[in-house]
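Please look at the sequence and structure first.

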Amino acid sequence: MWIRENSEGAAEPRDNERGKTMRKRTLAAALALLLLTSCGGGGAGTARWKHTEAPPGAEPVPCADAVIMDGVRVDVWESGGKKYVARADAEAAAGGELQGDVLSAGGTEYMPCPEFAGANGFPVLTDPEDGTVYISPSAKEFEIPERVRVPVLMYHALEDEAWGFDTLFVRPSEFEEQLVCLLENGFDPIWFSDLSHVGDFDRPVILTFDDGYDNNCTVLLPILQKYNVKATVFLITGLVGKPRYLTAEQVRALSDSGLVSVQSHTVHHPELTELDREELEREFSDSRLQIARLTGRIPIAVSYPSGENSAYVRRTAGEYYRFGVKVNGLIWNTGSDPLRVKRLIVPRGLSISTFARVMDEIGAG
Ligand SMILES: [Zn+2]
């Protein structure tokens with residue numbers, strides 16, 4: 001395996017930084033507790049949500065606004081100049097019960113939109129061009145559990161014939177063999193969003209594919225479906241629809257498959273450390289918006305092109321994403337900086353015995 005000792009290897013968060021983070025977290029937890037106890041309403045530890053009855057004649061009426069929740073379009077309603085979604089629709093799209101203020105009318109419950117998203121920790125992104133509101137329950141804020149070892153494997157294209165830097169082109173048969181090896185050895189391929197409950201998995205592993213080659217749809221997806229396994233594709237949004245790259249329809253198909261999480265690999269794949277602030281923000285924010293438009297889901301992770309990053313790049317990335325992913329390194333530990341996630345490069349031609357041995361050693365819990 002192409003495991004290089006990372007030059008930044010020793011630069012894990014220093015103890016004093018870690019102490020600061022811990023203190024901040026303790027303070028945040030104390031504040032949250034204070035808030036809960038001071039405005040606790042219906043039940044112990046729950047916030048008090050307003051439940052109002054719409055006066056006669058002020059029942060919500062349908063409105064043309066677009067709200068997309070994790071790829072699902074939800075009807076929008078209007079009453080008294082405020083926008084709402086029907087609670088049942090929003091809960092169906094979110095896959096669970098929601099908290100927040102409720103307006104009742106004619107036996108139907110409505111929730112103010114997008115306020116209900118904030119009440120449930122769901123990120124909201126409004127398209128500045130057409131006003132579409134994207135809400136992603138799947139990208140809900142969560143505390144990242146500490147000290148779980150999660151190998152993050154890095155692939156690019158799956159193809160027998162290499163047409164570029166050939167180590168990036170793992171043969172489909174090699175990948176399938178590696179996947180079977182992982183499954184037989186008790187590994188659970190997860191997404192970054194699954195880190196919220198990473199303790200549920202015996203041997204979590206994250207499979208990532210950079211750049212967004214068309215064979216991620218034509219070759220990778222059928223293999224994932226055969227074994228019902230999850231993967232993450234880091235998309236260069238500016239290359240969507242170009243020869244050899246995924247089309248917009250293929251990106252949507254991957255995302256809707258329920259097996260592929262589409263995340264950002266910037267718009268133009270530039271060397272991020274060489275960009276000025278405005279260019280850097282555009283690479284992060286425009287790719288986030290374009291992925292929301294393509295998939296209906298807000299991405300939470302970015303893969304730094306060629307792995308290039310600096311403290312400044314990571315800080316800016318952190319304004320848009322929870323996770324920043326590098327090219328090389330050893331195994332990622334969830335207690336370390338989520339904007340410096342290390343990956344293991346799986347090159348073309350790697351023997352299955354080496355793969356099995358390395359995974360067994362690094363995934364040893
Ligand atoms: Zn790349």
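What percentage of the contacts in the chain with a separation of 6 or more comes from residues 24 or more positions apart? Such residues account for 61% of these contacts, two residues being in contact if their C-beta atoms, placed from the backbone, lie within 7 Å.

## Basis and overall make-up

The model is predicted: local features need pLDDT of at least 70, side-chain atom pairs count only at pLDDT 80 or more, and totals for chains, interfaces and linings use all residues. Numbering starts from 1 along each chain as its sequence is written.

The chain has nine helices and 20 strands; these are DSSP runs numbered from the N terminus, with helices being H or I of at least four residues and strands E of at least two. Of the 365 residues in the chain, 34% are buried. A residue is buried if 20 or more other C-beta atoms lie within 10 Å of its own, exposed if 12 or fewer, and partly exposed in between, with C-beta atoms placed from the backbone.

## The eight-stranded sheet

Eight strands form an open sheet with mixed pairing, in the order β1-β5-β6-β4-β3-β2-β8-β7. Two strands pair if DSSP finds at least two bridges between them. β1 (51-53) and β7 (124-126) each have a single partner strand, so one side of each is left without a neighbour in the sheet.

Strand β2 (residues 61-69) runs parallel to strand β8 (residues 133-135), and three bridges join them. Ile68 has Tyr134 in β8 as its bridge partner.

## Helix α2 on the sheet

Helix α2 (residues 87-94) packs on the sheet, where it touches β2, β3 (72-79), β4 (82-86), β5 (102-105) and β6 (108-112). Asp89, Ala90 and Ala94 are buried in α2. They lie on the same side of α2 because they cover an arc of only 125° around the axis, the arc being that of the directions from the helix axis to the C-beta atoms.

The buried residues of α2 pack against β2, β3, β4, β6 and α3 (115-119).

## Helices α4 and α9

The axes of helix α4 (residues 172-184) and helix α9 (residues 352-362) come within 10 Å and cross at roughly 35°. Axes are lines fitted to C-alpha atoms, for helices over the stretch in contact, and angles run from 0 to 180 degrees between N-to-C directions. On the α4 side, the contact is made by Glu177, Gln178, Cys181 and Leu182, and on the α9 side by Ile352, Phe355, Ala356 and Met359.
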